[in-house]
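Reader: I have a model open and some terms to sort out. Please take me through them.

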Amino acid sequence: MIFKIYRIKKIIILIFLQLFLFQISLSETIKQFNIEGNDRVAKETIIMFSSLEIGDEIDDFTLNEALKKLYYTNYFKEVELNFKNQSVNIKVIENPIIQSVIVKGIKKDSINSQVTELTKKIEKYPFVENKVNDQIKTLKNLLRSYGYYFADLQTSITFNDNNTVDLIYNFELGEVAKIKKINFIGNRIFNDTILRNIIISEETKFWKFITRNKFLDVNRINADVNRLNNYYKNRGYYDVIIKSTTAIINEKNQFELIFNINAGNKYYFDKIEFANFDKINKNSLKKFEKDFKNLKGKKYSKKKINNLINDINN
């Protein structure tokens, strides 16, 4: 029995020593760096990007993290990284640099200046396809704010000898999309005149030749929905639901903008209960309770609640 126990202890000790030695073999110390393939990006910069330093202990996890960091910089199309004979070996292929962005197809100065301002932001930076796609989305949203809802944007790339590219944006603006009619449907409670005065979007009229609010714009419509939400919630309709839809109604790219409103029930202030009130200043709490008593029986208002909360925070 004693012999068996001794054998078990001996086996455990041997396994522990093997695991210990295995961990040491996986974690070694960096003595030097070997960088290949870099042209514009200096060796020291690549090492800095990797967050590795001479004297660091290194293992597979550390190598993987360094690889991710190098890719995240967007300066490299490909990165190979390994550790051998106490040397971190990094081989890169650099992404080309965007030398210039050329804009075609936009004649209107006010739009062209904004498009140029946006496109200049990626000049002299690495050419990365997903970054260019993000900019294309931004440019299309900008054009929509001017009413060019159906604008087409074609992108072409010219590769230069010095590992740079010229990026060409070719715009086909098309016709301006205008709002012909604005309708409010559903359980809306308030009449069209009141609701039209709340939103920013406007119907196209011959005398409205300056305003851009007559053009169909997703961002502006979202702002309209928020304004309508606030209007209803400040008048007791806590559960209001507002949806917006658009539909082409003629061949001239003129739209009908529809707001579908379900006002729901009207709510009134009754009583108030506090949670975690021990964290609130007692004097502020008393003031809140006193001011809230004046609201009892009155219609719910999001704005009035926010004003009372601001008084406590201040």
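Reader: Why are H2 and H3 called oblique to each other?

Author: The axes of helix H2 (residues 43-50) and helix H3 (residues 60-72) cross at roughly 120 degrees. Angles under 35 degrees count as roughly parallel, over 145 as roughly antiparallel, 65 to 115 as roughly perpendicular and the rest as oblique. H2 and H3 are therefore oblique. This is a predicted model: local features need pLDDT of at least 70, side-chain atom pairs count only at pLDDT 80 or more, and totals for chains, interfaces and linings use all residues. Residues are numbered from 1 along each chain, and side-chain values use heavy atoms, without hydrogens and water.

Reader: Which residues make the contact of H2 with H3?

Author: Ile46, Phe49 and Ser50 of H2 meet Ala66, Lys69 and Leu70 of H3. Contact means heavy atoms within 4.5 Å.

Reader: What makes H4 and H5 roughly antiparallel?

Author: Helix H4 (residues 109-119) and helix H5 (residues 129-145) have axes that cross at roughly 160 degrees. That angle falls in the class over 145, so H4 and H5 are roughly antiparallel. Their axes come within 11 Å. On the H4 side, Ile111, Gln114, Val115, Leu118 and Thr119 make the contact. On the H5 side are Gln135, Thr138, Leu139, Leu142 and Leu143.

Reader: How many residues of each class are in the contact of H4 with H5?

Author: The contact has 6 nonpolar, 4 polar and no charged residues. Ala, Val, Leu, Ile, Met, Phe, Trp, Tyr, Cys and Pro count as nonpolar, Asp, Glu, Lys and Arg as charged, and the others, Gly among them, as polar.

Definitions and conventions: Axes fitted to C-alpha atoms, helices over the stretch in contact; angles between N-to-C directions. Helix = DSSP H or I, 4+ residues; strand = E, 2+ residues; numbered from the N terminus.
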